[in-house]
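Visitor: I am new to this structure and would like to be walked through it. Please show it first.

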Amino acid sequence: MTPTCPTDLPAPCRLRIDGEALAANWRLLSRLSGVAACGAAVKADGYGLGAVEVVRRLADAGCRDFFVATWEEAAALQSLGVPVSVLHGVRAEDMSAATAGFARPVLNTLAQVARWRQAGAGRPCDVMVDTGMNRLGLSTDEVRSGLLDGLEIDVLMSHLACADEDSSMNARQRGAFAALAGRTGARRLSLSNSAGVALGPDYAFDLTRPGIALYGARPRSGLDGIAQVVFPEAQVLQCRGVRAGEPVGYNATWRATGETKVAILNVGYADGYRRAFSNVGSVTWQGTMLPLVGRVSMDLTTVDATAVPSLAEGDWVTLNYDLTDAAASSGISAYELLTGLGRRAPRLWI
Ligand SMILES: *Cc1c(COP(=O)(O)O)cnc(C)c1O
């Protein structure tokens, strides 16, 4: 007989996700959006947390506008029955999904406009206009040219390149976008991502589209009330004593200066806990901060646990993963720290 293995095996690392903090962050961003509606960017599977769970909670909080990148991401949200816009619009191969009617395309190119005009049969769409970022979207001249006439446009949107900085580009993009008001039949205008929401009411227009701040990052000042949502946790696999002068980990990048208790954790860069946290990151156990010592390996991380004599094999520690702080200490953006979290860790919503 072939031996079989049960499939619901307990994982040694996990993501604790605070659904109440997520909803509270949306309510804060909604308040900061003033009279504008506040939507949510949930692309990349809800920035890695699980789009279905994210959308369910934000819809309960009152969110009515959701943004994904692809039709596959939109299809995954179908059963929730919420309005979804697909930021990458319609390639030829998207048309059967797009005309099924469960989400709106955001049209980005002349070819996409033509495709939608031909097959969209008067269904609603959104339109992206480029106001200086030179990434996705029609030009402002194309938008003014009348080529959108007759389309059923819900949201005309643009995207800010530098909203997380005090750049003159913000006002320039805002001005170029505001000048398009009334130039199309669009019902609503939308410009701001998370950082844009903190730029103030001039940037809110009718609808804002925060993403990263919902999930706990503070991309610029004015977002101090944003709460941490994601708490990665890892189990202790071994505790060992390391004598003064002895190294820890690959390439011996750390050496004990005195007798040190080191805990070996069941998490590594294959889980998205990046090697850049080597000798820089930290974890918390029962209120005590334990610094990383040595390199983060693929599946293991080592911390100095001298301060907690009772920490033992099998205990769980919380990685210090406030996105803004962790981005500053690792040099890796909050976006990458979040979307890079691996699939090996189950998402546990609390
Ligand atoms: C991802 C995205 C957002 C959200 O941006 P954040 O910086 O995460 O708030 C908004 N609009 C568009 C077009 C996006 O691609």
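Guide: One term is needed before we start: contact means heavy atoms within 4.5 Å. The model shown here is a predicted one.

Visitor: With that cut-off, which residues is Arg220 in contact with, leaving aside its neighbours within four places in sequence?
Guide: Arg220 is found in the loop between strand 10 (207-208) and strand 11 (230-242). Neighbours within four places in sequence are left aside. The residues in contact with Arg220 are then Ala163, Asp164, Glu165, Asp166, Ala195, Ala198 and Leu199.

Visitor: Is Arg220 buried or exposed?
Guide: Buried means under 20% relative accessible area. Arg220 has a relative accessible area of 14%, so this residue is buried.

Visitor: Which side chain does the side chain of Arg220 join in a polar contact of 2.5 Å?
Guide: The side chain of Arg220 also reaches a backbone atom, the oxygen of Ala163, at 2.8 Å. The polar contact of 2.5 Å is between side chains, and the partner of Arg220 there is Asp166.

Visitor: How many helices and strands does the protein have?
Guide: The C-alpha atoms fill a box of roughly 75 × 60 × 35 Å along the principal axes. Of the 350 residues, 49% count as buried. The count of elements is eleven helices and 19 strands.

Visitor: Why do the buried residues of helix 3 line one face of the helix?
Guide: In helix 3 (residues 51-61), the buried residues are Ala51, Val54, Val55, Leu58 and Ala59. An α-helix has 3.6 residues a turn, so residues three or four places apart point the same way. Seen down the axis of helix 3, its buried residues line one face because they fall within an arc of 125 degrees.

Visitor: What covers the buried residues of helix 3?
Guide: The cover includes helices and strands. Among them are helix 1 (19-32), strand 3 (40-41), helix 2 (43-47), strand 4 (66-68) and strand 19 (347-349).

Visitor: Which residues have the most contacts inside the largest nonpolar core?
Guide: This core has 93 residues. It draws at least three residues from each of domain 1 (19-215) and domain 2 (230-349). Those with the most contacts inside the core are Phe66 and Leu265.

Visitor: Which residues around the ligand come nearest?
Guide: There are 14 residues around the ligand. Of these, the nearest are Lys43, Tyr47, Ser194, Ile212 and Tyr335.

Visitor: How many Å from an oxygen atom of the ligand does a polar side-chain atom of Ser194 lie?
Guide: For His159, a polar side-chain atom lies 3.4 Å from a nitrogen atom of the ligand. In the side chain of Tyr335, an N or O atom is 2.6 Å from an oxygen atom of the ligand. For Ser194, the value is 2.5 Å.

Visitor: What is the phi of Tyr47 near?
Guide: Tyr47 has its place in helix 2. At 5% relative accessibility, this residue counts as buried. Tyr47 is a residue other than glycine with a positive phi, near 50 degrees.

Visitor: Is Asn251 buried or exposed?
Guide: Asn251 is in the loop between strand 12 (247-248) and strand 13 (254-255). Its phi is positive, about 65 degrees, although Asn251 is not a glycine. Exposed means over 50% relative accessible area. At 60% relative accessibility, Asn251 counts as exposed.

Technical notes
Residues are numbered from 1 along each chain as its sequence is written. This is a predicted model: local features need pLDDT of at least 70, side-chain atom pairs count only at pLDDT 80 or more; totals for chains, interfaces and linings use all residues. Side-chain values use heavy atoms; hydrogens and water are left out. Buried means under 20% relative accessible area, exposed over 50%, partly exposed in between (1.4 Å probe, protein chains only). Helices (H or I, at least four residues) and strands (E, at least two) are DSSP runs, numbered from the N terminus. The arc is that of the directions from the helix axis to the C-beta atoms. A nonpolar core is a set of buried Ala, Val, Leu, Ile, Met, Phe, Trp, Tyr and Cys residues joined through side-chain atoms within 4.5 Å. Domain bounds come from an automatic or database domain assignment. A residue is near a molecule or strand if one of its heavy atoms lies within 4 Å of it. A polar contact is a pair of N or O atoms within 3.5 Å; within protein, one must be able to donate a hydrogen and the other to accept it, and residues adjacent in sequence count only if both atoms are side-chain atoms.
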